[in-house]
Amino acid sequence: MRLRESQLALPLAALFVAFFVAPLAVLGALSLSAEPGLASFTFRHYVRFFTDRFHTSILLDTLWLGVLATGTCFVFGFPIAWICARSSARWQSVLVFLVVLPILTSVVVRTFSWIVILGRHGVLNQIALGLGMVDEPMRLLFTELGVVIVLAQVQMPLMVLPILTVLSRIDPNLLDASTALGAGAWRTLWRVTLPLAMPGILAGTILTYAACVTAFVTQTLIGGARLIYMPLHIYSQAVGANDWPFAAAISVIFMFAVLAVVWALNLLGRVDRGAAHA
Amino acid sequence: MPRTAGTAAPRPRRTRDWEAASLRFAFGAIAAVAVVVLVAPSLIVILTSFTASHSLKFPPEGLSWRWYLALGEAHQMQRAAWNSLVVAVWTTVLSVALGTAAALAIARSRAAWARACDVLFMSPLLLPALAFGFAALIYVHLLGFRPSLTFLVLGHVIVCVPFVLRTTGAALSQLDPALLDASRSLGAGGWTTFRRVTLPLIGRGVGAGGFLAFMASFDNVPVSLFLADERTEVLPIHLWQQIETNLDVRTAAVSGLIVVLTLVLMVLAEKFAGLSRQLR
């Protein structure tokens with residue numbers, strides 16, 4: 001019986017080997033070859049990437065963009081999850097619905113609506129001008145600030161949902177005990193709720209970060225042509241410059257960079273769990 | 001300042017109430033701002049799409065249906081929408097079939113191979129999808145094929161199947177194994193048990209996963225960017241190019257349509273699959 005049940009994973013495993021593992025292996029091989037034909041081995045493309053400030057700064061900008069957007073997601077997402085976990089079942093459904101709505105609406109559409117909001121004659125500028133907060137329209141489109149705002153909105157659900165899951169599993173008695181022992185609400189939040197929510201926070205952070213750094217549509221439409229991040233860099237080298245081996249090397253570097261961040265966050269989670277047991 | 005529980009004098013009640021109120025107020029305010037920011041763009045794009053003028057201004061100058069009517073003439077956009085729908089339906093069918101089968105094998109196994117498979121099948125969620133899209137293009141070329149609808153669907157399945165695995169796996173982990181034993185001891189075979197016991201119990205999880213896979217495929221850009229060509233152009237790519245080159249109000253009209261359709265689908269998914277519970 002066990003054997004039969006385990007065989008059910010075979011079709012998907014076969015598809016993944018044939019159409020996920022193999023393409024990535026080919027990508028790796030191409031990034032190490034001098035010509036598009038996978039012949040003659042070379043490190044040239046990697047050397048080219050790491051010896052040119054232009055390329056490395058794009059990588060660092062992208063990784064930093066992820067940090068900014070994920071941080072913003074956390075600052076706004078945690079309170080949503082916190083309020084949500086304390087609401088009645090009915091309100092909880094409504095809130096989850098509102099949080100999920102953006103992620104299920106087409107990302108092109110969401111980004112497009114932000115162009116209407118952030119543009120020179122956009123909603124935000126009209127409000128700011130109307131209230132006399134600024135004298136002339138702010139430049140928000142094609143700036144890093146704009147990209148961070150939009151990424152935070154677009155990816156927020158990925159942060160909120162895992163945190164909500166752990167928050168609603170916290171035993172309310174622990175919070176009562178903290179209060180009974182004299183801790184105020186803020187101290188309880190800091191010393192009890194946050195540590196217990198750590199697994200959800202980390203899961204949310206990993207998902208949000210991975211999504212933010214690869215958000216091609218948002219980065220290109222809000223960032224414009226001058227703010228270049230890794231996904232656009234890969235695309236323009238592959239399609240624009242038609243330099244497939246170099247684009248493959250950039251892809252490999254980008255993948256390993258993202259995996260390294262994810263791995264570091266996971267490690268943090270393990271250290272944290274260890275500390276909780278000690 | 002470490003204070004031991006024994007020596008800590010309970011604070012005056014009023015301080016504690018004030019603290020609780022301030023926390024509630026601060027978090028309530030931040031959450032309110034966040035929810036407004038989450039919802040506002042969708043509303044604004046809908047309102048803008050009803051403008052009577054040629055510019056994308058908010059508030060719109062006059063109201064009219066003209067841009068929605070103009071969609072009737074936008075043949076290229078219609079073809080792209082149709083392609084997207086075909087790809088999304090195939091992707092959903094394949095993701096649900098392959099994903100549910102794999103979840104059955106993996107979800108309740110503690111074996112090393114099962115955990116390895118789990119990591120492998122979930123990794124498309126973490127790896128940059130654009131890098132995978134490019135890798136798939138190279139691979140298809142290397143095999144001597146041209147990008148086609150088949151490869152586009154396969155690429156979408158790779159990035160969409162994690163959603164099915166996740167929701168189905170969660171539903172399976174809550175399934176009481178005793179029920180399966182009971183079914184078997186009553187003489188039902190493996191297939192009958194699946195159809196009559198397992199499937200009804202995990203159906204909502206599978207449904208929610210299928211819904212998410214459909215939306216993810218319909219919305220996918222990074223994979224389609226490389227695997228779709230002129231014949232198989234899909235809607236998100238078409239819209240992305242439209243927005244990059246010439247912003248016209250028809251884009252807002254399509255966006256309005258997509259937002260409304262998403263809402264309808266979400267309400268249906270909520271009703272039939274309990275979506276908001278499945279996502280947690």
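At what angle do the axes of helix α5 and helix α8 of chain A cross? Hi everyone, that's where I'd like to start. This is a predicted model, where local features need pLDDT of at least 70, side-chain atom pairs count only at pLDDT 80 or more, and totals for chains, interfaces and linings use all residues. Residues are numbered from 1 along each chain as its sequence is written, with chains lettered from A and ligands numbered from 1 in the order in which they are written.

Okay, the answer: α5(A), residues 89-104, and α8(A), residues 144-167, cross at roughly 130°, and their axes come within 8 Å. Helices here are DSSP runs (H or I, at least four residues), and axes are lines fitted to C-alpha atoms over the stretch in contact, with angles from 0 to 180 degrees between N-to-C directions. So α5(A) is oblique to α8(A); oblique is what's left once you take out under 35 degrees (roughly parallel), over 145 (roughly antiparallel) and 65 to 115 (roughly perpendicular).

Who's touching whom? From α5(A) we get A:Val99, A:Val100, A:Pro102 and A:Ile103, and from α8(A) A:Gln153, A:Val154, A:Met156, A:Pro157 and A:Val160. In contact means C-beta atoms, placed from the backbone, within 7 Å.

Now follow α8(A) to its other partner here, α11(A), residues 216-223: those axes come within 9 Å and cross at roughly 145°. On the α8(A) side you'll find A:Gly146, A:Val147, A:Val150, A:Leu151 and A:Val154, meeting A:Thr218, A:Gln219, A:Ile222 and A:Gly223.

Methods: Helices (H or I, at least four residues) and strands (E, at least two) are DSSP runs, numbered from the N terminus. Two residues are in contact if their C-beta atoms, placed from the backbone, lie within 7 Å.
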